[in-house]
Amino acid sequence: MATNPTSSKAPSRRVSVVVDDGDLPESALTADAAGLDYMSVVNYQRSAKGANQTCVMCGSSACKNGGVVIPRQNKDVCRDCDKALWRHEPTGAYFKWCKGCKRFHEIHAFAGKLKASKCDDSRARGRAGYMRRKDAPESSARS
């Protein structure tokens, strides 16, 4: 994962740190806290539109020549950081990026499958949509 900021304008707030899966306490999978909002967990400010993008978690900049990849739909979270498990230092809460919801969720939202890229609710919505499409008559599926 990219950890050295290459062109971050603002210093890191250092409110969130990457942790290893083995460091995750069992209690984190059942805790149901009030939730964390995007601005409280990011380490860097979002880039202005048109500016050189930097990841809000690790501070690395996106570029076409060997920098990190920051997908447009990821709200300035790079591909390395959207896979990582994070700990919010002020609260001790563990969280992860959900590629379905496009937001950070506390780790208990991934309790069904910790390695998944989508939270349990997002995966359930995907399954339900698949079943609706699968069970739909072919004539209505084509219209």
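This dialogue covers salt bridges in a predicted model.

Colleague: What should I know about the model and the numbering?

Modeller: The model is predicted: local features need pLDDT of at least 70, side-chain atom pairs count only at pLDDT 80 or more, and totals for chains, interfaces and linings use all residues. Residues are numbered from 1 along each chain as its sequence is written, and side-chain values use heavy atoms, leaving out hydrogens and water.

Colleague: How many salt bridges does the structure hold?

Modeller: Side chains of opposite charge can pair when their charged atoms come close. A salt bridge here is a side-chain nitrogen of Lys or Arg within 4 Å of a carboxyl oxygen of Asp or Glu. The structure holds five. One of them joins lysine 115 and aspartate 21, at 2.3 Å from N to O.

Colleague: Where in the chain do lysine 115 and aspartate 21 lie?

Modeller: Lysine 115 is in the loop between β4 (103-106) and α2 (120-135), and aspartate 21 is in the loop between β1 (16-19) and α1 (38-41), 94 residues apart. Helices (H or I, at least four residues) and strands (E, at least two) are DSSP runs, numbered from the N terminus.

Colleague: Is aspartate 76 buried or exposed?

Modeller: Buried means under 20% relative accessible area, exposed over 50%, and partly exposed in between (1.4 Å probe, protein chains only). Aspartate 76 has 5% relative accessibility, so it counts as buried. Its salt-bridge partner is arginine 46, with the closest N and O atoms 3.2 Å apart. Arginine 46 is partly exposed, at 43%.

Colleague: Which residue forms a salt bridge with arginine 87?

Modeller: Glutamate 89, with the closest N and O atoms 2.9 Å apart. Arginine 87 is partly exposed at 24%, and glutamate 89 is partly exposed at 37%.
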